Amino acid sequence: MQRNTKMKYLSIALYAIGVIFIVGVPAMMMVVWPDGWSWSPAQPEYEQMIMGIYITLGIFLIRAAKDPMEHASLIWFTIWSSIVHAGIMLAQAIVDETEHANMLGDIPALFFVAFLLWYLMPNKAEMS
């Protein structure tokens, strides 16, 4: 994929992921599919913290969509923190059978975010 095309899609992805983090994460955790996006038993303090972090990250991803390369470190943070977060949750969900629904919910969603942004981030050869 050419650099200009990648940058266009990266901007779109950042904006879309930002909106999903702001609106979708809280909706999935509280209304749409709590079993696949929350942990049992319910932990309101933890859930508020996670929603606050993802809403904040979403706002900054939307801002980064205007000039992705100016915000490369934020994008790489999003990639790596998503991999780490999903990896830890995956290990926990494998061990705790009450959390298996997360293997179809937030875990693959975070891995997808990481993969998509990683794929769309230009590499050094594309930068020159």
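1. Ground rules. This is a predicted model, where local features need pLDDT of at least 70, side-chain atom pairs count only at pLDDT 80 or more, and totals for chains, interfaces and linings use all residues. Residues are numbered from 1 along each chain as its sequence is written, and side-chain values use heavy atoms, with hydrogens and water left out.

2. α1 with α5. Let us start with this pair, whose axes come within 9 Å and cross at roughly 155 degrees; axes are lines fitted to C-alpha atoms, for helices over the stretch in contact, with angles from 0 to 180 degrees between N-to-C directions. Helices are DSSP runs of H or I with at least four residues, numbered from the N terminus. α1 and α5 are therefore roughly antiparallel, the word used for angles over 145 degrees. α1 passes α5 in a left-handed crossing, meaning that the near helix is turned anticlockwise from the far one by less than a right angle.

3. Who meets whom there. From α1 come Lys6, Tyr9, Leu10, Ala13, Leu14, Ile17 and Phe21, and they meet Val113, Leu116, Leu117, Tyr119 and Leu120 of α5 (contact means heavy atoms within 4.5 Å). By class these are eleven nonpolar, no polar and one charged, where Ala, Val, Leu, Ile, Met, Phe, Trp, Tyr, Cys and Pro count as nonpolar, Asp, Glu, Lys and Arg as charged, and the others, Gly among them, as polar.

4. α4 with α5. The axes of α4 and α5 (residues 106-120) come within 8 Å, crossing at roughly 155 degrees, and this crossing is left-handed. Their contact holds 16 nonpolar, four polar and one charged residues.

5. α3 with α4. Helix α3 (residues 44-64) and helix α4 (residues 72-95) have axes that come within 10 Å and cross at roughly 150 degrees. On the α3 side the contact uses Ile50, Tyr54, Leu57, Phe60, Leu61 and Ala64, while α4 brings Leu74, Thr78 and His85. Seven of these residues are nonpolar, two are polar and none is charged.

6. The largest pocket. A pocket here is an open set of points on a 1 Å grid over the protein atoms alone, where a 1.4 Å probe fits, with protein on both sides within 12 Å along at least five of seven lines; lining residues have an atom within 4 Å of a point. The largest pocket has 20 lining residues, and Phe21, Val25, Trp37, Ala109 and Leu110 lie nearest its centre. α1 gives the largest share of the lining, seven residues. The lining comprises 18 nonpolar, one polar and one charged residues.

7. A cis bond to look at. The Ser40 to Pro41 peptide bond is cis, with omega near -5 degrees. Pro41 sits in the loop between α2 (34-37) and α3.

Terms used. Helix = DSSP H or I, 4+ residues; strand = E, 2+ residues; numbered from the N terminus. Parallel < 35°, antiparallel > 145°, perpendicular 65-115°, else oblique.
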